[in-house]
Amino acid sequence: MKNLPDISISERMAAAFSEMPSDLPQSMQILCDSLLIDVAGLCVAARHADYVHATFEASNESGDCTIIGRKGRFNVAAAALVNGTATHGEDYDDTFEGGPIHAGAVIVPALLATAERHQLSGADVARGIAVGSELMCRLCSVAPKLVHKAGFHPTAVFGALGAAAGVASALRLSNAQWVNALGIAGSMASGIIEYLAEGSWTKRMHPGWAAQSGYRAARMAQEGFTGPRTLFEGDHGFFHAFANQDDNNFTEVLSGLGHTWISAEMAFKPYACGTMAHPFIDCARKLVSEGLVVGEIESIECNTAEGIVHRLWEPLALKQNPPNGYAAKFSIPYAIAIGMLRNNAGLDDYEERVVHDPLVRSLASKVSYRIDPDNPYPKQFTGHLKVTLKSGKILEVSQGHFRGGRDEPMTIAALEEKFLANCEYGGWSKSDASEALTCLKNIRASQTLNLGALAK
């Protein structure tokens with residue numbers, strides 16, 4: 001048994017966040033607004049989806065909270081679970097270069113439900129979103145790639161902690177309660193990545209489950225329930241369990257905490273699929289725009305990061321022939337094929353009729369990979385295509401960044417366009433979408449939240 005520290009990592013986190021300035025820096029104010037807009041649009045886009053329907057029917061209990069895109073009032077757990085599941089369901093939500101994790105899909109549903117249930121202000125919501133998002137992003141630095149390698153989904157397991165921290169901060173819990181909330185959430189964290197085998201739905205529910213778990217952990221702590229203060233450094237701590245690693249360095253997690261905001265560089269997705277596929281899609285589209293004729297392609301080989309092979313490349317035969325639209329979202333061969341053939345990778349491009357299109361499958365079957373040992377993943381997401389034509393000519397293109405991320409961020413105007421397009425996809429009228437957008441932009445300034453414009 002290790003000697004227990006006088007001041008634990010969790011206690012240092014609690015102290016740092018409790019001392020943060022009351023006014024968030026402008027970069028974090030923008031991030032909060034952006035996350036609110038993106039999350040709400042994604043919930044509307046997915047509101048008629050079968051997996052959202054199943055989640056709703058399984059958790060339809062009345063209360064004080066809003067399920068976005070649905071009339072009525074529901075309890076905290078239902079709102080957090082359904083909104084989190086809907087946000088992440090099409091893999092079109094935010095991400096973090098250095099993770100990857102999807103903080104918005106966890107933190108925003110948790111904070112909106114908390115705020116409605118406890119009548120919090122928009123400032124409280126923003127504080128909770130900032131703290132929860134920041135903690136999730138910083139945890140990515142502790143054991144890069146090892147959580148995935150151990151078989152867990154980082155969004156799911158980091159999400160429970162981030163939601164607990166965000167809700168505890170919004171509720172203004174004491175430092176001791178904040179630490180307990182994190183410790184309790186450590187025993188609620190879960191989410192394995194076996195969904196990769198056949199495209200089953202469990203990844204979709206991970207953020208919603210983490211959101212409701214974080215809320216429950218914070219409330220239990222508020223009522224006096226205790227959790228281990230040595231969540232991170234204990235013999236049986238978080239990264240021992242979820243990354244099979246005991247020798248952890250928390251320097252990056254703690255450095256500048258509460259004052260330096262790395263989550264301000266969070267990325268927003270232009271495509272509705274797995275994050276690391278995006279630069280490959282951009283490369284595919286670029287080649288076609290420069291005159292590549294798809295019918296002349298003999299083969300395509302891609303340089304890629306070893307850390308993404310088990311999720312997006314293998315087993316290669318399955319990735320070249322995904323069984324359904326959800327499995328296709330985690331296939332780079334499929335992403336390259338639709339990028340070339342359809343010049344996009346939006347919601348429509350992952351519908352079953354497209355996934356089973358013989359032309360798409362034929363092109364995807366020509367895509368293979370080689371591992372680049374110098375690839376900078378997970379610090380950077382990159383793309384590369386080497387196309388050999390039937391004539392023997394070779395065309396090659398690379399992209400060293402994620403479009404929508406820190407090197408080429410999505411503008412507010414583009415984010416609002418995405419929101420409106422998602423609302424249209426979900427069946428809302430232009431006036432409904434416009435009213436909702438106005439509501440979302442005003443949340444941070446609200447004394448008490450009124451989310452009626454989102455409940456339709």
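**Aromatic cluster, cysteines and a helix pair**

Ring pairs join F152, F158, F232, F238, F239, F242 and F250 into a cluster. This is a predicted model, and a search through the whole of it turns up 20 aromatic pairs.

**Inside the phenylalanine cluster**

- A pair of aromatic rings is described by how far apart the centres are and by the angle of the planes.
- For F158 and F238, the ring centres are 6.1 Å apart and the planes meet at 35°, so this pair is tilted.
- F158 belongs to helix 8 (residues 154-170) and F238 to helix 11 (residues 238-242), so their pairing ties together parts that are 80 residues apart in sequence.
- Are F158 and F238 buried or exposed? Both of these residues are buried, and for F238 the relative accessibility is 2%.
- F238 also pairs with F232: here the centres are 6.3 Å apart and the planes stand at 65°, so the pair is edge-to-face.
- F232 is buried as well, because its relative accessible area is 2%, and buried means under 20%.

**Lysines over tyrosine rings**

- K329 places its charged end over the ring of Y350, at 4.6 Å from the ring centre.
- K418 lies over the face of Y92, with a distance of 4.2 Å from the ring centre.

**Cysteines**

- How many disulfides does the model hold? The count comes to zero.
- The cysteine sulfur closest to that of C32 belongs to C137 and is 12 Å away, which is too far for a bond, because a disulfide needs the two sulfur atoms within 2.5 Å.
- C32 is buried, with a relative accessible area of 0%.
- C65 takes part in no disulfide either, and its nearest cysteine sulfur, in C43, is 14 Å away.
- C65 counts as buried too, at 0% relative accessibility.

**Helix 6 against helix 8**

- Two packed helices are described by the angle between their axes and by the distance between those axes.
- Helix 8, where F158 lies, packs with helix 6 (residues 122-139) at an angle of about 150°, and the two axes are 7 Å apart.
- Angles over 145 degrees count as roughly antiparallel, and helix 6 and helix 8 are therefore roughly antiparallel to each other.
- The crossing that helix 6 and helix 8 make is right-handed.

Methods
Residues numbered from 1 in each chain as written. Predicted model: local features only at pLDDT ≥ 70, side-chain atom pairs only at ≥ 80, totals over all residues. Heavy atoms only, no water. Phe/Tyr/Trp six-rings, centres within 6.5 Å; stacked < 30°, edge-to-face > 60°. Helix = DSSP H or I, 4+ residues; strand = E, 2+ residues; numbered from the N terminus. Buried < 20%, exposed > 50% of the residue type's maximum accessible area, 1.4 Å probe, protein only. Lys NZ or Arg CZ within 6 Å of the ring centre and 35° of its normal. Axes fitted to C-alpha atoms, helices over the stretch in contact; angles between N-to-C directions. Parallel < 35°, antiparallel > 145°, perpendicular 65-115°, else oblique. Left-handed = near helix turned anticlockwise from the far one by under 90°.
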